[in-house]
Amino acid sequence: MARRTPPRRNSKGKDSVRRGKKKVSPLTIGKIEFVDYKDADLLRKFVSERAKLKPRRVTGNNEKQQREVARAVKNAREMALIPYTNRVTTQRRERRSDDRSARADGPPPRPTAPPPGSGDEATAEEIEAAELQADVAAVESAEAVATAEEIEAAELQADVAAVESAEAVAVVEEIEAAELQADVAAVESAEAVAVVEEGAGS
């Protein structure tokens, strides 16, 4: 059977334990006997900044007062007079031994020069990367030129089609005018024949 050790007692006496002054409840100070759930200002005294109910040791309520306050706070939350939770955002600060300036927002700046100690010599990979970039730029510019030439060719074809359609319309109009003249000439010749026949008959 295991041997029980007696609980440790504090070597200091009760008198040496430092106790703070007992808190007095706001309900006692205000001589409030009934805690109304509609009194949101009073209930906010018993709720923390995160909207949690404060304990008795903080507010100074006795057991009965704490029960009444808890019931009133729950009813007020249900009626949306006070919130269930409240978010509190705090910004964390980095503690550093040296005094550096605060970090700027955004991505870190890109280096413009090669790292120190690498010398001015360009490596084969850097040369290949530069050549590749130049080739890509050349291909892109060639594609842009080809695209511009295709656009010009399409515009030229549209102009030619418009001119051809205009010429076709002119030809049709000329044909119609010629047919009209032929009709007029036929009518005139028919009238002349009729006049000659009338003259011969009389």
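Is R44 buried, exposed or partly exposed? R44 is partly exposed, with a relative accessible area of 46%. Here buried means under 20% relative accessible area, exposed over 50%, and partly exposed in between (1.4 Å probe, protein chains only).

The model is predicted: local features need pLDDT of at least 70, side-chain atom pairs count only at pLDDT 80 or more, and totals for chains, interfaces and linings use all residues. Residues are numbered from 1 along each chain as its sequence is written, and side-chain values use heavy atoms, without hydrogens and water.

Side chains of opposite charge can pair when their charged atoms come close. Two salt bridges were found in a search of the whole structure. A salt bridge is a side-chain nitrogen of Lys or Arg within 4 Å of a carboxyl oxygen of Asp or Glu. R44 pairs with D41 in one of them, with the closest N and O atoms 3.6 Å apart. D41 is exposed, at 59% relative accessible area. R56 forms a salt bridge with E63, and here the closest N and O atoms are 4.0 Å apart. R56 is partly exposed, at 39%. E63 counts as exposed, with 51% relative accessibility.

Positive charge also gathers on the surface. K64, R67, R71 and K74 form a patch there. Patches are made of residues with over 30% relative accessible area and no salt bridge; like charges are joined within 9 Å, and nonpolar side chains (Val, Leu, Ile, Met, Phe, Trp, Tyr) within 5 Å. K64 lies in helix 4, residues 63-78. Helices (H or I, at least four residues) are DSSP runs, numbered from the N terminus. K64 is exposed, with a relative accessible area of 54%.

Methods. Accessible areas come from the Shrake-Rupley method with a 1.4 Å probe; for residues, only the protein chains shown count as cover. Lys and Arg count as positive and Asp and Glu as negative; His and the chain ends are not counted. The place of a charge is taken as NZ of Lys, CZ of Arg, CG of Asp or CD of Glu. Helices (H or I, at least four residues) and strands (E, at least two) are DSSP runs, numbered from the N terminus.
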